[in-house]
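Thanks for coming. I have one model to go through, so please look at the screen.

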Amino acid sequence: MESNMSGPYSRLPATEGRLASQQSETPPVDLRLHHALGAVEPGQPLDQNARVAIEVRHLNFYYGTHQVLFDISLPIRQRQITALIGPSGCGKSTFLRTLNRMNDLIPETRIEGEAIFDGENIYDPAIDVIRLRQRIGMVFQRPNPFPKSIFDNIAYGLRIQRKPRRQIQEEVERSLRAAALWDEVKDRLKASALGLSGGQQQRLCIARALALHPEVLLLDEPCSALDPIATLKIEELLLSISKEYTIVIVTHNMSQAARISQYTGFFLNGRLIEYGPTAELFKRPRQRETEDYISGRFS
Amino acid sequence: MSVPMPTSSSSSSTLQSGESRLHPFLATRSSLNLRRRLVNALVVLFTTLAALFAAGLLIYLLCYVLSQGLRYINLDFFTQLPTPNGEPGGGMGEAFQGSLILIALASLMGVPLGLFTGIYLAEFGRGPFAQGVRFLVDVLNGIPTIIFGLLAWVLIVIPMQSFSGLAGGFALGMIMIPIVTRTSEDVLRLVPRELREASLALGATEARTILQIVLPAARNGIITGVVLAMARVAGETAPLLMTAFGTTFWNTDVTQPMDALPLRIFQFTLSPYQQQVNQAYAGAFVLIVLILLASLAVRLAAGGFKQR
């Protein structure tokens, strides 16, 4: 492990100088993307001893008779960030949603194979789906705060669990702090969450998930509706909480995967083409398709 | 004009003559353009006239009703009972009282049934059964309202051996069900799927998601539907003729005949006394204004919601 791991860009001393010398209208993030793709080492340092949080084995998924996932097997490692990349419609979001059984809600879907979480198959009919979703939280593509106050948004999941009022108040503050939102909203907790900016809303949604102390946090393209600055904040937030939570993030943004993840899986046409440590996958892809994708030959 | 204009009468020959081929558009412009403009002007004229006629009818109705009844709208009109034998004074207080009770009774039955059916159709309703329910609700919406009166008469009036407010409320409630069902189904479907998923992903059950997230998000639209349904039954007369029946006395006992505004208007219109006929116009005016106000309030309260 490197010692200067305070933020995603702390390893990029050159970036600062370059930024300053650029014209002001140049979006700074573009440069960072460039660095993440090229000059900078992809991937966060990984913990070799990380245990497996969810072991997915031979997963097939069907919408009616249409198969969208083919024989997916991969380990989701504990307290690491796993990024899932691939072109639109490759099945990465569908795969993510199988991990907390959100696809149950879509009629005429069928699943084969297993995903072992804490010694039990997620698809075991005896599994308590409610409990499962409390242990495996999810953040969606578009920020989707409830049309309630900021406080009530976070308290919602806690009230479901009938936590005492006192504990709810503590958890609201704790999770807002964890989501780096506390300072921005502490004076207006009773205000509607819909008055927040898109980036704040998405951090609120992350805080809402964190309030339940999930073991795993699934994020489905959490930054795709956000501007670059808000995206950076989310990425920093994810890195800061990745020491406590297992994170799986679906992203369209390859440089995002390269910046924040320890492991990356590349999906194409419903198949997991390649999976491995992010550094290796980006620098020495073993599959031709992976190389074509990360070098931008198709998207 | 510097451009040579071919004659408009021979458009086919102008295309062949070398001179006119230089200006093929001009060849047809004068004849076609005139016809187009004429047709256009006529369509605009007729649609405008139709709109004016429709709006004018309502305004004429309001003015006429007002001119006949305005003199009789005073405090007594709302608080006094009808006078016997057309003596001067009096009002139709019992009709306002009865209408309020009847609409309350109808809402008690129509709102929950309609709302829950709407929730079922929007949230759980899939497959042929839901399609059947949806179709039946539409049919229910189209049934002449006197049929509901007949149903209430058979189910309640005959067994109880008496006309009653209960029977009237039942008939009006039946009329409310399809209106509330369809509007609430529509607005519930407008609630983004993302909100439902957010709730479910936090470990909420479907029931909790609907009650605490989906229904509050759709609240404005649901209230709109309820108010429109109430305004609709407030003016219903036919189903009340054989159920609530009407009375000229104060009555809060729902097992007894009960008056209603449209019923009183109907009775007074047929009255041989001029004062009661004029009071019927006054009642009609009040009824129209109440319904207008309800529609207006809904428009204002849910305006942003409906326009999207």
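Chain B has 15 helices and 0 strands; these are DSSP runs, H or I of at least four residues for helices and E of at least two for strands, numbered from the N terminus. This is a predicted model, where local features need pLDDT of at least 70, side-chain atom pairs count only at pLDDT 80 or more, and totals for chains, interfaces and linings use all residues. Residues are numbered from 1 along each chain as its sequence is written, and chains are lettered from A and ligands numbered from 1 in the order in which they are written.

Of the 308 residues in chain B, 37% are buried, meaning that 20 or more other C-beta atoms lie within 10 Å of the residue's own, with C-beta atoms placed from the backbone.

Now the contact between the chains. On chain B, 15 residues are in contact with 19 residues of chain A; a contact is two C-beta atoms, placed from the backbone, within 7 Å. Helix H9 (193–201) and helix H10 (206–217) of chain B are the elements that give two or more residues to that side. H9(B) has the largest share, 6 residues.

Next, confidence in chain A. Its average pLDDT, the predictor's confidence in each residue from 0 to 100, is 84, and 86% of the residues score at least 70. Over residues 1–39 of chain A, pLDDT stays under 50.

Last, which residues of H5(A) meet H8(A)? They are A:Ile150, A:Asn153, A:Ile154, A:Tyr156 and A:Gly157, and on H8(A) the partners are A:Leu204, A:Ala207 and A:Arg208.

Note on methods:
Buried ≥ 20, exposed ≤ 12 C-beta atoms within 10 Å, placed from the backbone.
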